[in-house]
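Subject: Structure handover

Hello,

Here is the structure for your files. My notes follow below it.

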Amino acid sequence: MIFSSQNYVSLISVTNFVPQIGFVSSIFFGLILLILNYHGAQKMFGSYKFVISAFTMLGMLFATAEIIVYPNAHNYKAGMLFFSFTESFGLSGSKTKNLPLVGYTFIHSATMSLLSVQFIYRYWAVFDVNKLQCFKGWKSVIWYIYCSFFGFQYAVFFLYWAHDEFSPEYFREEVLLRYNANISSFPAISCVAYDPVDGSVRWWNVIGIINVCSVMIVQYGVMIYCGWSMHTKMADKIKHFSKNLRKLHEQLFKTLVLQITAPTLTLFLPASLIMLLPILNLDISIPSGVMLCSFTLYPAMDSITVMYVVSEYRITAKKIFKVIRKIIIEINQSRTEPTAPTSAS
């Protein structure tokens, strides 16, 4: 067995510290992006600024959920354990303590879904401008429904697993060995793909794994399709655009390329590996929470990517910096100017 006798208690501090870094950086860079988005950088973006802002705010919410829930994961043979040593919102009842973990999975799926919506917008902005009406007014509700649908689809099976009485027993000795803890004493959702006694398939658990993976496949497929189509066809399509608009589309495409690479490494690959390992039923014991904690770094990475690649953000940032610098200089000058002496009475 891989890692046959190791104790993983020391890794808990790591999986709790990384989300704290992700939270601070996501809030900091997210707020900067929002400020720039509504103080000059939005002039060339049209309704796309709302998509960027929505994703940034959802990313900030996702990072906040991380430090509230502090989710962790563990893979053991045919099972996957999703747990937390924190009782979020003081929920400690057997029927309520796992709800924050379920809510976290909803936000995680909605974040991936909204990321794919950005790719849909950019694809239509180049190849079918008329469809951008779907991002304006009441029609924009479509995308809230889209993200919520996949969020619920993702979360519903975690909610089902939260009420599975068999799976926690499968992990009881493993959790005691690896984390010196009783699995009944903290929030934990577990999924076991095969019965350890007779090796039979536990179909509802396998269907749940397939369902969760299908959500990721759909979102990633949308991103790859739109990204590849833009890569192969965009140059010919935008050659008739104005110079400034052509430059903007090229910069936004570079942003999308990075927005595929970063979530591939921090969202899709770790989540896919954690979910698919139970089906493989390998003789392993892996503290996969180390991979899970990378999720919270993505929102900050996305904000930095957008601000770095799109020149409009850099220009706006420089303008705001000059205004702030001018104000600071004026304040300092007013403090250093000598006051006129008052005449004695």
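D164 is buried, with a relative accessible area of 12%. Buried means under 20%, exposed over 50%, and partly exposed in between, using a 1.4 Å probe and protein chains only.

Before the rest, the ground rules. This is a predicted model, in which local features need pLDDT of at least 70, side-chain atom pairs count only at pLDDT 80 or more, and totals for chains, interfaces and linings use all residues. Residues are numbered from 1 along each chain as its sequence is written, and side-chain values use heavy atoms, with hydrogens and water left out.

**Salt bridges**

A search of the whole structure gives four salt bridges. The criterion is a side-chain nitrogen of Lys or Arg within 4 Å of a carboxyl oxygen of Asp or Glu.

- D164 pairs with R202, with 3.2 Å between the closest N and O atoms. The two are 38 residues apart and link distant parts of the chain. R202 sits in the loop between β3 (188-192) and α6, D164 in the loop between α4 (141-162) and α5 (166-179). R202 is buried too, at 17%.
- E174 and R178 meet at 2.9 Å, N to O. Both lie in helix α5, four residues apart, about one turn of the helix. E174 is buried at 6%, and R178 at 1%.
- D128 pairs with K131 at 3.6 Å. Here D128 is partly exposed at 25%, and K131 is partly exposed at 38%.

Helices (H or I, at least four residues) and strands (E, at least two) are DSSP runs, numbered from the N terminus.

**A further contact of E174**

The E174 side chain also makes a polar contact with the side chain of S285, at 2.3 Å. That term means a pair of N or O atoms within 3.5 Å; within protein, one must be able to donate a hydrogen and the other to accept it, and residues adjacent in sequence count only if both atoms are side-chain atoms. S285 is in strand β4 (residues 285-286) and is buried at 0%.

**Helix α10**

Helix α10 (residues 311-336) has 26 residues. From first C-alpha to last, α10 reaches 37 Å, close to the 38 Å expected at 1.5 Å a residue. The expected span is 1.5 Å times one less than the number of residues. The buried residues of α10 are S311, E312, Y313 and T316. Their cover includes α1 (9-37), α2 (48-69), α7 (243-280) and α9 (298-309), where contact means heavy atoms within 4.5 Å.

Best regards
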